[in-house]
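Let's walk through this model together, starting with its charged pairs and ending with one of its helices. Have the viewer ready.

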Amino acid sequence: MAAPAVRADEPKPMNVVVLLADDWRHDTLGCAGNPVLKTPHLDQLAKTGFRFTHGCVTTSICGVSRASLLTGQWMSRHGNEAFAMFKTPWAETYPGILRANGYWVGHVGKWHNGAFPKERFDFGRSYSGTHWVKRLNAEPVHVTQLNESDALEFLRTRPKDKPFGLTLAFFAAHAEDDNPKQYLPQPGSAGLYANDTIPVPATATREALERLPPFLQRPTNEGRKRWTWRFDTPEKYQSMMKNYYRLCTEVDATCGAVIAELKRQGVLDHTLVIFTGDNGYFHGERGLADKWYPYEESIRVPLIVHDPRTPAAAKGKTNSDFVLNVDIAPTILAATGAAAPKTMQGRDFAPLYREAKRPDPPWRAEFFYEHAVIGTKDRIPASQALVRHDAKYIDWPDFRYEELFDLTADPQEQKNLINDPVRAKQLAEMKQRFEKLRAQAK
């Protein structure tokens with residue numbers, strides 16, 4: 001389809017760049033208060049843009065979360081419970097809709113939703129799984145460097161008479177699971193954090209581990225298994241976290257290169273740029289590693305938005321509303337003037353930073369979280385939750401086990417109140433809402 005005709009006196013369609021980091025939780029940013037990690041380019045993006053402190057995912061795992069981002073749907077609707085292709089028609093995804101509306105559309109990097117549909121993109125290059133990518137008749141290249149060169153090639157070779165949409169899906173800072181080193185940054189980053197001591201989380205204790213549901217404490221649980229790969233000695237913790245942070249700083253540098261190219265081309269002020277993550281990440285808290293479970297470390301992700309429509313008074317500010325991965329697709333479509341299909345369950349969140357008054361209807365104060373079994377229930381069990389700012393109800397259906405947390409008094413989720421008679425009325429109300437939102441997710 002040809003690019004939409006635009007009169008000289010009409011505004012041009014907004015361009016879109018989505019910067020999607022992997023295994024990167026909400027506080028893995030300098031601007032979010034991390035005392036060690038250096039992310040200068042993303043900090044600057046937040047300073048001139050807008051940051052959400054409670055960006056969250058509806059399912060905390062790579063493939064499902066990416067499907068939710070593309071489709072604007074919960075797992076229950078798009079149908080990908082792990083790493084398969086989602087069932088939602090391509091014409092109902094944000095890349096599909098952008099391309100149908102005349103956009104030059106690209107995807108670079110990790111896909112993780114079945115076979116990569118290269119033919120659906122004008123520029124499609126997918127790879128992940130290792131930090132060093134082997135190339136035919138060439139030296140291996142670091143995956144983040146390849147992300148950068150491919151993204152810049154997309155921007156430099158795109159047709160200049162079309163609006164564009166690019167999803168840059170990093171593999172970093174995901175671990176290379178089969179490699180004992182786990183995190184393999186570029187040699188030039190070796191000096192970063194060499195003289196730093198990475199703070200150990202307050203809940204990286206035996207006591208916090210023993211407060212977990214019994215089935216999460218077992219060595220068969222994947223979160224415990226990966227903890228032994230990365231964090232089971234103080235020396236290993238420091239080594240792993242420094243290399244993890246090096247990967248993050250490298251991603252930050254690539255984000256900076258992409259933003260600089262947009263600025264060089266004179267299009268940054270007409271481009272919606274969104275930086276976020278596919279899921280949160282345990283850094284040893286509760287004796288766990290990786291993600292999957294409905295705890296705060298796992299479900300909260302960074303979310304920074306550069307939107308040319310942002311009022312000057314809102315730039316550099318933050319917002320604590322729940323903004324979900326399912327909200328990204330409808331937000332992109334609204335910014336580009338395209339109608340979101342009725343099958344999308346998320347909501348355009350731009351009014352939260354564009355308008356002085358609160359949205360009408362009111363923004364969500366809670367959301368439903370879901371995760372399917374991966375492998376077996378002993379490896380990664382199914383979980384569901386009702387998440388609020390002040391409380392959380394968790395259901396582990398495979399084990400008939402429930403949790404209730406007061407997040408105001410207990411933000412680290414250390415005291416399960418499920419059997420507290422004082423909470424009986426609250427629990428009944430939350431379980432009722434949980435069932436209603438679970439039904440709506442389908």
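The structure holds 35 salt bridges, each being a side-chain nitrogen of Lys or Arg within 4 Å of a carboxyl oxygen of Asp or Glu. This is a predicted model, in which local features need pLDDT of at least 70 and side-chain atom pairs count only at pLDDT 80 or more, while totals for chains, interfaces and linings use all residues. Residues are numbered from 1 along each chain as its sequence is written, and side-chain values use heavy atoms, leaving out hydrogens and water.

Take Glu-261 and Arg-156, whose closest N and O atoms are 3.2 Å apart in a salt bridge. Glu-261 belongs to helix H9 (residues 234–264) and Arg-156 to helix H5 (residues 143–157), so the pair ties together parts 105 residues apart in sequence. Helices here are DSSP runs of H or I, at least four residues, numbered from the N terminus, and strands are runs of E, at least two. Glu-261 counts as buried at 3% relative accessibility; buried means under 20% relative accessible area, exposed over 50%, and partly exposed in between (1.4 Å probe, protein chains only).

Next, look at Lys-291 and Asp-290, which meet in a salt bridge at 2.9 Å, N to O. Salt bridges with shared partners join Asp-23, Asp-177, Glu-222, Lys-225, Arg-226, Arg-230, Asp-290, Lys-291 and Arg-379 into one network.

Finally, turn to H13, where Leu-427, Met-430, Phe-434 and Leu-437 are buried. On the other side of H13, Lys-425 and Gln-432 are exposed.
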